[in-house]
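Please look at the sequence and the model below before reading on. The paragraphs that follow move from the whole chain to its sheet, and then to its pocket.

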Amino acid sequence: MKRYHCAVELAVDVIGGKWKPVILAHLKEGVHRYGELRRRMPDVSEKMLIQHLRELEADGLVLRESREGRGPHVAYRLTEDGDRLRPALEALYDWGTRRAAERGITFEPLPIH
């Protein structure tokens, strides 16, 4: 078992990186199909998105739901453990919003499909 010396070290090991917090932030808003996540994150490669979704699922933060219908329907949502990250994700969002306003940073609108 991996050894940690600080709780933040453990947290960053599980949710760290460029894309995992972004995935979690989108999923805190509700269930998203895979295609929705791709559109909301146009700069992430398909390989990276799939890899991070699998890792988040393996760590028990994200649940992958698959249903058959007219076509395969795959959706992702936060688990109860993932939902416990909501206050931290909201704090990061608020901090990023304030920093953007202070520095004149604007966000690009999401592509509409």
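Among contacts in the protein chain between residues at least 6 apart in sequence, 46% join residues at least 24 apart; a contact means heavy atoms within 4.5 Å. The model is a predicted one, in which local features need pLDDT of at least 70 and side-chain atom pairs count only at pLDDT 80 or more, while totals for chains, interfaces and linings use all residues. Residues are numbered from 1 along each chain as its sequence is written, and side-chain values use heavy atoms, with hydrogens and water left out.

The protein chain contains six helices and three strands. Helices (H or I, at least four residues) and strands (E, at least two) are DSSP runs, numbered from the N terminus. Read from the N terminus on, the elements follow the order α-α-β-α-α-β-β-α-α. Along the principal axes, the C-alpha atoms of the protein chain fill a box of roughly 45 × 45 × 25 Å. Of the 113 residues in the protein chain, 26% are buried; buried means under 20% relative accessible area, exposed over 50%, and partly exposed in between, with a 1.4 Å probe and protein chains only.

We turn next to the sheet. Strands of a sheet pair through backbone hydrogen bonds, either parallel or antiparallel. Here three strands form an open sheet in the order β1-β3-β2, with antiparallel pairing. Because β1 (32-33) and β2 (62-67) stand at the edges with a single partner strand each, one side of each is left without a neighbour in the sheet. Two strands count as paired if DSSP finds at least two bridges between them. Two bridges join β1 to the antiparallel strand β3 (residues 73-78), and H32 has Y76 in β3 as its bridge partner. Helix α2 (residues 20-27) packs on the sheet and touches β1, β2 and β3, its direction making about 95° with that of β3. For such angles, axes are lines fitted to C-alpha atoms, for helices over the stretch in contact, and the values run from 0 to 180 degrees between N-to-C directions.

The pairing of β2 with β3 is antiparallel and extends over six bridges. Within this pair, E65 stands opposite A75 in β3. A hairpin of five residues links β2 to β3. Strand β3 is mostly covered, with five of its six residues buried.

What do helices contribute elsewhere? In helix α5 (residues 80-83) one finds D83, which is partly exposed, with a relative accessible area of 33%. On a 1 Å grid over the protein atoms alone, a pocket is an open set of points where a 1.4 Å probe fits, with protein on both sides within 12 Å along at least five of seven lines, and lining residues have an atom within 4 Å of a point. The largest pocket is lined by 25 residues, and V22, H26, R40, Y93 and F107 lie nearest its centre. Helices α2 and α6 (86-103) each supply at least two residues of this lining, and α6 gives the largest share, seven residues.
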